[in-house]
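Colleague: Thanks for sitting down with me. Could you show me the model and tell me where its descriptions come from?

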Amino acid sequence: MNAAAPQSVSVFRDAGAAVVRLSGTWSLRDGLHPVQEVTQALEVSPPPRRLRLDASALERWDTSLVVFLARVHDSCSAHGVELETSGLPEAARRLLEQARQGAAFEGGAERARAFADWSPRGRR
């Protein structure tokens with residue numbers, strides 16, 4: 001039996017874009033993946049014009065991926081970088097859009113941050 005590959009993020013430049021490649025199995029049981037590597041890629045000079053998400057190596061995922069994507073979206077917005085989500089699974093794109101709408105219309109950004117800071121490892 002093959003063990004599931006752990007969640008992984010790699011960031012690289014491709015012309016004027018930053019590319020974030022997501023791979024492995026994303027599960028809340030493994031905790032939430034930090035976005036610092038993505039944020040650092042947005043702070044280089046010259047900054048990328050857009051950030052492209054590539055989930056072609058993604059195996060399985062749950063809402064931990066959506067929390068990560070919402071944080072990436074917030075970071076792109078803060079840096080004025082366009083976020084390209086066409087490389088995500090359809091369901092992940094829909095959930096990200098719902099999360100973004102909820103944050104915009106219900107003041108959900110603070111609640112989303114509180115949820116994102118919650119770690120299943122700390123709860124028993």
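Colleague: In what sense do strand 3 and strand 4 pair, and what makes them a pair?

Modeller: This is a predicted model, in which local features need pLDDT of at least 70 and side-chain atom pairs count only at pLDDT 80 or more, while totals for chains, interfaces and linings use all residues. Residues are numbered from 1 along each chain as its sequence is written, and side-chain values use heavy atoms, with hydrogens and water left out. Two strands pair if DSSP finds at least two bridges between them; strand 3 and strand 4 have three, in the parallel sense, so they qualify. Strands themselves are DSSP runs (E, at least two residues) and helices are too (H or I, at least four), numbered from the N terminus. Arg-52 stands opposite Glu-84 in strand 4.

Colleague: What makes strand 1 and strand 4 edge strands?

Modeller: The open sheet has the order 1-2-3-4, with mixed pairing. Strand 1 and strand 4 (82–84) each have a single partner strand, so one side of each lacks a neighbour in the sheet.

Colleague: Which pairings does strand 2 make with strand 1 and with strand 3?

Modeller: With strand 1 (residues 8–14) the pairing is antiparallel, over seven bridges, and Val-9 stands opposite Leu-22. With strand 3 (residues 50–61) strand 2 pairs in the parallel sense over nine bridges, where Leu-53 is the bridge partner of Val-20.

Colleague: Why is strand 2 called largely enclosed?

Modeller: Buried means under 20% relative accessible area, with exposed over 50% and partly exposed in between (1.4 Å probe, protein chains only). Nine of the 10 residues of strand 2 (residues 17–26) are buried, so the rest of the structure largely encloses this strand.
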